[in-house]
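Please look over the sequence and the 3D structure below.

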Amino acid sequence: MGVGCKIYETRPGACRTFFCEYRLNAELGEEWKPNLCNIVVTVERQARRINVLLDDGHFDAWRKEPYYSQIKTMALNILRQRGHLIVWEGLEGIGILPHKEVRLGRPQANQVIVAGRRMTEQGEEFDIMALDRNDPRLKPSS
């Protein structure tokens, strides 16, 4: 982003058919246009994940309004649907929860991102973490 695609005329087919959430979701206003905000939002429906990708040199863009509060709302909504939202500062992931952020680091080939929700006397509580695929916590309890 920033200066646009340098291979626009010869871009790969995947690029030709790609549309960020700004183009697909009417709830994201003009302020979400990637060349204005330095943010691209994508949705991986099968993984139930929203990705917030930041331009290099603009890793703080998501913390500014109106983006920050909207990202927190998106995170809460997808967490309630058993999904999760990750902000990507380059290759470093940050799991977004309603009341905190969790640095997940660089994803490893053997890891999965797991988000959970539980009800307590204080209300809903959420957590998110990167776990090794063989972690015993991922096995169904009998």
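The points below are grouped by topic.

This is a predicted model, in which local features need pLDDT of at least 70 and side-chain atom pairs count only at pLDDT 80 or more, while totals for chains, interfaces and linings use all residues. Residues are numbered from 1 along each chain as its sequence is written, and side-chain values use heavy atoms, with hydrogens and water left out.

**Nonpolar cores**

- A nonpolar core is a set of buried Ala, Val, Leu, Ile, Met, Phe, Trp, Tyr and Cys residues joined through side-chain atoms within 4.5 Å.
- Buried means under 20% relative accessible area, exposed means over 50%, and partly exposed lies in between (1.4 Å probe, protein chains only).
- The largest nonpolar core has 22 residues, and those touching the most other members are Trp32, Ile39, Val52, Ile71 and Leu85.
- Two or more residues of this core come from each of β1 (39-44), β2 (49-54), α4 (67-79), β3 (84-89) and β4 (92-96).
- The helix α4 gives the most to this core, with 5 residues.
- A second, separate core has 9 residues, including Leu76, Trp88, Leu97 and Val102.
- In soluble globular proteins, nonpolar side chains tend to be buried together.

**Helix α4**

- Helices (H or I, at least four residues) and strands (E, at least two) are DSSP runs, numbered from the N terminus.
- The expected span of a helix is 1.5 Å times one less than its number of residues.
- For the 13 residues of α4 this should be 18 Å, which agrees with its end C-alpha atoms being 18 Å apart.
- The buried residues of α4 include Tyr67, Ile71, Lys72, Met74 and Ala75.

**Aromatic pairs**

- Rings of Phe, Tyr and Trp (its six-membered ring) pair if their centres lie within 6.5 Å; planes under 30 degrees apart count as stacked, over 60 as edge-to-face and the rest as tilted.
- By this rule there are 2 aromatic pairs.
- Trp32 and Tyr67 form an edge-to-face pair, 4.9 Å centre to centre with 85° between the planes.
- Trp32 lies in the loop between α2 (21-24) and α3 (34-37) and Tyr67 in helix α4, so the pair ties together parts that are 35 residues apart in sequence.
- Both Trp32 and Tyr67 are buried.
- Trp62 and Tyr68 form a tilted pair, 5.8 Å centre to centre with 35° between the planes.
- Trp62 is buried at 0% relative accessible area, whereas Tyr68 is partly exposed at 24%.

**Cysteines**

- A disulfide is a pair of cysteine sulfur atoms within 2.5 Å.
- The structure holds 0 disulfides.
- The sulfur of Cys20 is 8.2 Å from the closest cysteine sulfur, in Cys37, which is too far for a bond.
- Cys20 is buried at 7% relative accessibility, and Cys37 is buried at 4% relative accessible area.
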